[in-house]
Amino acid sequence: MDKLRIRGGQRLHGEVTISGAKNAALPELCAVLLTEEVVTLRNVPRLRDVATMRALLQGMGVRVDTLGQRGGLQLQAAHPLQPLAPYELVRTMRASILVLGPLLARCGHARVSLPGGCAIGARPVDQHIRGLQAMGAEITVEHGYIEARLPPGRSRLRGARITTDMVTVTGTENLLMAAALADGETVLENAAQEPEVVDLAELLIAMGARIEGHGTSRIHVQGVHALHGAEHHVVADRIEAGTFLCAVAATGGQVRLHAARADHLDAVIDKLLAAGAQVQADAGGIEVRSPGGAALQAQSFRTTEYPGFPTDMQAQLMALNCVAQGPSAVTETIFENRFMHVQELVRLGARIRIDGRTAFVEGGQRLSGAAVMATDLRASASLVIAGLVADGETVVDRIYHLDRGYDQMEIKLRALGADIERVA
Ligand SMILES: CC(=O)N[C@H]1[C@@H](OP(=O)(O)OP(=O)(O)OC[C@H]2O[C@@H](n3ccc(=O)[nH]c3=O)[C@H](O)[C@@H]2O)O[C@H](CO)[C@@H](O)[C@@H]1O
Ligand SMILES: C=C(OP(=O)(O)O)C(=O)O
């Protein structure tokens, strides 16, 4: 099993190009199920989750061709499709649930394994199911599978007004894709406003869907009979960019992030500016400069839905808070168990106490390298940041979590001057 070996203490300097967003690419790969024509996606990141999604789609009968070396994929979901998402693939990637809406809309039935719980929380999919039921689907859950079909005599879902109980990102995406081919108008209330939802809507519109209001909490979709092929560039990964911003803030140095979208990172950049880092944005990317974490002020924050502070950046900013000066309180409101990195950061010398949904970080600690275990994707990223500033050697085990969502992270960090290598 691969590990990352990091010798801390190097400042980061230079330039890095931010990859396409995992959380945009995954729903967009599922959107190809909505048409029998060719869809071309550019800037798809090289990730384990993308490989899993590719295998899932290929198992259904989708043709997938790689275009060159720069993240191009050409996909075609011509008939006949096998509308099945088996447990073996779904259990390794929760985003597999995103095939449910498109399969139901296109094939009239779908059999998708329930994703189950994971390290960061229970993560039920009841809102996805309820929304599709409101659109006329008959859904049962048996033997660990969601069995969804249209009632006898119906060939399409029907538009509906759906208000989800909470803001759900993949729930909004599933219902958006289903609504694109439904009969009549769908209104999604309490919709997620994340940039990845907007990017998916832009792909769907390029495929002929009639969507308005994406990027707000109310999305209107006027269903159409068929969608067609399209070409789309996946938006830059704001979480990868935010992770590099926190890494540079912690180690000190100066780095330019090409292709990063500052307008998608306001909440994170505000915290880094308040901490004392310098962050400047222009049309081509973001430049960050920092004297190093020990010269910064720790910042309290609370995760919320976009445009609030993203839960997917909580662990990374907490790693910075461990070395920055002063106490801070980090409150996680989205997932009930997303502090798995805390005990590993403590192994590196951090001082953190958890009380319910809040972690209280003492700050101002000198970290010292140790063997630590990655427990989930962003927890892994926080351990890498901590390892980059710790004295001596840190070995991060179980980095298959990191590979799910970061495109060549150690190669990009090494190009910036980090002493980091992948070892077996
Ligand atoms: C592939 C992808 O895009 N993943 C992102 C997506 O996950 P994902 O879409 O799974 O997260 P949601 O936005 O759905 O989850 C928000 C909250 O709602 C709850 N919930 C959600 C759906 C549902 O049917 N019932 C329910 O109770 C969840 O357990 C969680 O507590 O958004 C999260 C929140 O920004 C991010 O951390 C993930 O990186
Ligand atoms: C939690 C995440 O992803 P997923 O929803 O794919 O598990 C993440 O990207 O941090």
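Biologist: What makes domain 1 and domain 2 count as touching in this predicted model, and how many residues of each are in contact?

Modeller: Two residues are in contact if their C-beta atoms, placed from the backbone, lie within 7 Å. In this predicted model, 20 residues of domain 1 and 14 residues of domain 2 are in contact. On the side of domain 1 that touches domain 2, helix α13 (residues 400–405) supplies the largest share, with four residues. That side divides into nine charged, six polar and five nonpolar residues.

Biologist: What are the bounds of the two domains, and how many Å apart are their C-alpha centres?

Modeller: The assignment gives domain 1 as 3–19 + 236–423 and domain 2 as 22–233. Their C-alpha centres lie 31 Å apart.

Biologist: Why is ligand 1 said to lie between the domains?

Modeller: Domain 1 and domain 2 both give residues to the shell around ligand 1, so the ligand lies between them. The shell holds 20 residues, the closest being N23, Q127, T168, V169 and T170. The elements that contribute two or more residues to this shell are α1 (22–31), α5 (126–134) and α6 (169–180). By class, eight residues of the shell are nonpolar, eight are polar and four are charged.

Biologist: Which residues surround ligand 2, and why is ligand 2 also placed between the domains?

Modeller: A residue belongs to such a shell if its C-beta atom, placed from the backbone, lies within 6 Å of the ligand. N23, R94, A95, D312, L377, R378 and G405 surround ligand 2. Both domain 1 and domain 2 give residues to this shell, and therefore ligand 2 lies between them. The shell comprises three charged, two polar and two nonpolar residues.

Biologist: What is the strand order of the four-stranded open sheet, and why are β6 and β8 called its edges?

Modeller: The order is β6-β7-β9-β8, with mixed pairing. β6 (84–85) and β8 (138–142) each have a single partner strand, so one side of each is left without a neighbour in the sheet.

Biologist: How do you know that β6 and β7 pair, and in which sense?

Modeller: Pairing requires at least two bridges between the strands. β6 and strand β7 (residues 109–113) have two bridges, in the parallel sense. The bridge partner of L84 in β7 is R111. Helix α4 (residues 100–107) lies across β7 and β9 (145–149), and runs at about 160° to β7.

Biologist: How do you know what confidence the predictor places in the protein chain and in the complex?

Modeller: On a scale from 0 to 100, the protein chain averages a pLDDT of 97, and 100% of the residues score at least 70. Confidence is lowest in helix α3 (residues 87–90), at a mean of 94, and highest in helix α7 (residues 195–206), at 99. For the complex, the predictor gives an ipTM of 0.99 and a pTM of 0.98.

Note on methods. Residues numbered from 1 in each chain as written. Chains lettered and ligands numbered in written order. Predicted model: local features only at pLDDT ≥ 70, side-chain atom pairs only at ≥ 80, totals over all residues. Nonpolar A, V, L, I, M, F, W, Y, C, P; charged D, E, K, R; others polar. Domains from an automatic or database assignment. Axes fitted to C-alpha atoms, helices over the stretch in contact; angles between N-to-C directions.
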